[in-house]
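Have a look at the model first, then read on.

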Amino acid sequence: STCEPLLAKLAFHNPSLFGLWECSYQNLCLLTKSQSSTAKVANPSQLVAAYEVFSSFCDLFSHHLLAVDDDEFLDRYFSPTDGDSTPGKIMASDIVLSLKKILNDLYWVNPVLAADVSGANSNVESILRFQKARLLISGTKLWNSLHERWCRLYRNVQFCEENSWWFPFLAGQHDKNPIIHSQVTSLGGQNDDDEVMEDSSVESVDVDAGDAGGDALASSFRDPKMARVLTAIPQAMPFSRRVNLFQSLIDSDKLIMQDEEATFRHMMMNLDNPDQDGEMGGRVRITVHRDALYSDSMNALNPLGKKLRKKVQVTFVNQHGATEAGIDGGGVFKEFLDDLIKDAFIPQTPRNDSGEEEESSDGNHPDFFSVTPLQTLQVNLDSDGDYSVLSHYEFLGRVLGKAIYESILVDPQLALPFLNKLLGKQNSLDDLKNM
């Protein structure tokens, strides 16, 4: 446990940290060679000790980084002049590259199975598998912690190259096809895939039988190794490929949710039905009053849930109660979403000289966000503590999801600490500077 006094003492005892790192770095070749399916371990006990040392270093250094700010981190673990390892000093770039080799083996080349975590047996082989699983967990925690730091410092200083995070096989795909076919790896049995997937499954996308590309995409997400990598350490795949992969998932989903042929068939079958203007096939129609933009939008869209992925056709009603002419071919919806996001996210309530909110009759909802000194948005802490406001944040999350789904660029920029909370990440003191 990270609360243990011994862990805290060792984590901030520099000689202990350096000694563990030096030993771990010397054993790196031994650890990577042992992962080969053809490798024969001459001394299993020595290998178990090597895994234990590397895992211990990862645990201690992860705990150590919690109390190290960015300036101190760069001063201690980064050297802008030395391209190679610096004797007598722990270099962040060396840790990143070493962990990449280890994790590439444990995630991709010879994946750790869920059964290895238990370590129920006391024989050497079982203990060895358990230590591999332990290093997988400890190493992932440290690697992700370093990557969060790298992302935060990216614009000012890069303590390692971007390709230092990429697994060789995942970075070796240079074509524009985002689908990555996994290498055939023996996991020891037909049911082992289920064990690998136990805690890291990614829902596959079902597509038309005639859509070969979609089938290949779904197959890639059924691959337990790919699912685990994308879930636990997505930085192992180049960002551009992750974007293409994500866009391919959306495009495949749209083939089902926004099927125009199904919409046309539905319209032809209901020509005499006066109620056909509502939900039909791959479309949903809503009517929004411009002077009640937010309330009408929430009442119409929030109940849709997953059906919000369908095409939404918007009809505006102006301030005089007249329906605005025009057919929504996509442009009206984009205008609607832009206006809705600006209305909901950008604070509208005027404030007095002391910073307190004044009464205003212009808006039809309270301010859900406030502006930070860095001109980013955070949750408005001046709310009355009414828990019913949570439904509004849920709705706004769906609105942003719809914008991403339809590839619509939005203006609001959320504060970094708020984004970290959404992602389930722990904020550091450096992150809180963005409040």
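Lys225 sits over the face of Trp108, 4.9 Å from the ring centre; a charge counts as over a ring if NZ of Lys or CZ of Arg is within 6 Å of the ring centre and within 35 degrees of the ring normal. Keep in mind that this is a predicted model, where local features need pLDDT of at least 70, side-chain atom pairs count only at pLDDT 80 or more, and totals for chains, interfaces and linings use all residues. Residues are numbered from 1 along each chain as its sequence is written, and side-chain values use heavy atoms, with hydrogens and water left out.

**Helix packing**

- Helix H6 (residues 92-109) packs against helix H11 (residues 224-232) at about 135°, with the axes 9 Å apart. Axes here are lines fitted to C-alpha atoms, for helices over the stretch in contact, and angles run from 0 to 180 degrees between N-to-C directions; helices (H or I, at least four residues) and strands (E, at least two) are DSSP runs, numbered from the N terminus.
- That makes H6 oblique to H11 (under 35 degrees is roughly parallel, over 145 roughly antiparallel, 65 to 115 roughly perpendicular, the rest oblique).
- On the H6 side, the contact (heavy atoms within 4.5 Å) uses Leu106, Tyr107 and Trp108, while H11 brings Lys225, Met226, Arg228, Val229 and Ala232.

**Aromatic pairs**

- There are 20 aromatic pairs in the structure. Rings of Phe, Tyr and Trp (its six-membered ring) pair if their centres lie within 6.5 Å; planes under 30 degrees apart are stacked, over 60 edge-to-face, and the rest tilted.
- Take Phe61 and Tyr77: with centres 5.2 Å apart and planes at 75°, the pair is edge-to-face. Phe61 is in helix H4 (residues 44-65) and Tyr77 in helix H5 (residues 70-77), so the pair ties together parts 16 residues apart in sequence.
- Both Phe61 and Tyr77 are buried (buried means under 20% relative accessible area, exposed over 50%, partly exposed in between, with a 1.4 Å probe and protein chains only).
- Tyr294 and Phe368 make a tilted pair, 5.6 Å centre to centre with 45° between the planes. Tyr294 is buried, at 1% relative accessible area, and Phe368 is buried at 1% too.

**The ring cluster and its surroundings**

- Trp21, Tyr25, Phe54, Phe57, Phe61, Phe73, Tyr77 and Phe159 are linked into a cluster by ring pairs.
- Arg149 lies over the face of Phe73, 4.8 Å from the ring centre.
- Ser16 and Phe57 are 41 residues apart in sequence, yet 9.1 Å apart in space, C-alpha to C-alpha.
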